[in-house]
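Please look through the model below from one end of the chain to the other.

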Amino acid sequence: NQRLKAFRTIRRGVLQVVEDIKNKTFPNDFKGSSLEFVLSCIAEQKQIFVGISHPFYWKPKLRIPDIYEHQANKMAFGQFLENCINAKSEEQIIKEIVRLDALKIKGLGPAVGSIL
C-alpha cells in the first residue's frame with residue numbers, strides 16, 4: 001500500500017516536472033526543483049536508488065546535465081517525460097528513449113532510466 005502511494009506521488013511529481021518545463025518555471029539548477037522532489041521520492045523506495053539524484057546535479061565545470069541552461073533540451077526532456085507517462089505500450093516508451101537519445105543531451109543518458 002505504501003509503495004502504491006509512493007508510485008502515485010512520483011507520477012504526480014513527474015507531471016509537475018513536465019508542467020514546470022512547459023510553463024518555463026523549471027529552474028536552472030537541480031536543487032529545489034520538482035525533479036529533485038521526484039528523484040528523492042524514488043530514492044526512498046529502495047536502497048539501490050540512493051544515488052539516483054547524482055546524475056541530475058548541475059555540474060558547472062562540465063555544463064551537465066544540459067537540461068538546465070539549454071531551453072530546447074529542457075523542453076525535449078519534459079516532452080520525453082510526458083510521452084512516457086502517457087505511453088500505453090512498451091514500444092512507445094522505447095521509441096521515446098530512442099528519440100531522446102538521438103538528441104545527445106550532454107549528461108542525461110542512462111540517468112533517465114531511473115525515472116522510468
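Lys5 counts as partly exposed because its relative accessibility is 43%, where buried means under 20% relative accessible area, exposed over 50% and partly exposed in between, with a 1.4 Å probe and protein chains only. This is a predicted model, in which local features need pLDDT of at least 70 and side-chain atom pairs count only at pLDDT 80 or more, while totals for chains, interfaces and linings use all residues. Residues are numbered from 1 along each chain as its sequence is written, and side-chain values use heavy atoms, with hydrogens and water left out.

Lys5 is part of helix H1 (residues 2-22); helices are DSSP runs of H or I with at least four residues, numbered from the N terminus. Between Lys5 and Leu81 there are 76 residues of sequence separation and a C-alpha to C-alpha distance of 20 Å.

Helix H2 (residues 34-43) is mostly covered, with 7 of its 10 residues buried. The buried residues in H2 are Ser34, Leu35, Val38, Leu39, Cys41, Ile42 and Ala43. Leu35 also belongs to the largest nonpolar core, a group of 30 residues in which Leu35, Phe56 and Phe77 have the most contacts. H1, H2 and helix H3 (71-85) each supply at least two residues of this core. A nonpolar core is here a set of buried Ala, Val, Leu, Ile, Met, Phe, Trp, Tyr and Cys residues joined through side-chain atoms within 4.5 Å. Beyond its neighbours within four places in sequence, Leu35 is in contact (heavy atoms within 4.5 Å) with Val17, Phe26, Phe30, Phe56, Ile67, Tyr68, Phe77 and Ile115.

The loop between H2 and H3 contains Arg63 and Pro65. The Ile64 to Pro65 peptide bond is cis, with omega near -10 degrees. Arg63 is not a glycine, yet has a positive phi of about 60 degrees. The side chain of Arg63 also forms a salt bridge with that of Glu69, at 2.3 Å from N to O; the term requires a side-chain nitrogen of Lys or Arg within 4 Å of a carboxyl oxygen of Asp or Glu. Arg63 is partly exposed because its relative accessibility is 37%, and Glu69 is partly exposed because its value is 45%.

The structure holds 4 salt bridges. One of them joins the side chains of Glu96 and Arg99, at 2.9 Å from N to O. Both residues lie in helix H4, 3 residues apart, about one turn of the helix. An α-helix has 3.6 residues a turn, so residues three or four places apart point the same way. Glu96 is buried because its relative accessible area is 9%, whereas Arg99, at 42%, counts as partly exposed.

Another salt bridge links Asp101 and Lys104, whose closest N and O atoms are 3.5 Å apart. Asp101 is partly exposed at 46% relative accessibility, and Lys104 is exposed at 59%. Lys104 lies in the segment after H4 and has a positive phi of about 50 degrees, although it is not a glycine.

Asp101 and Lys104 are also among the residues that line the second largest pocket, including Phe80, Ile97, Leu100 and Leu116. A pocket is an open set of points on a 1 Å grid over the protein atoms alone, where a 1.4 Å probe fits, with protein on both sides within 12 Å along at least five of seven lines; lining residues have an atom within 4 Å of a point. Helix H4 (residues 90-102) gives the most to this lining, with 3 residues.
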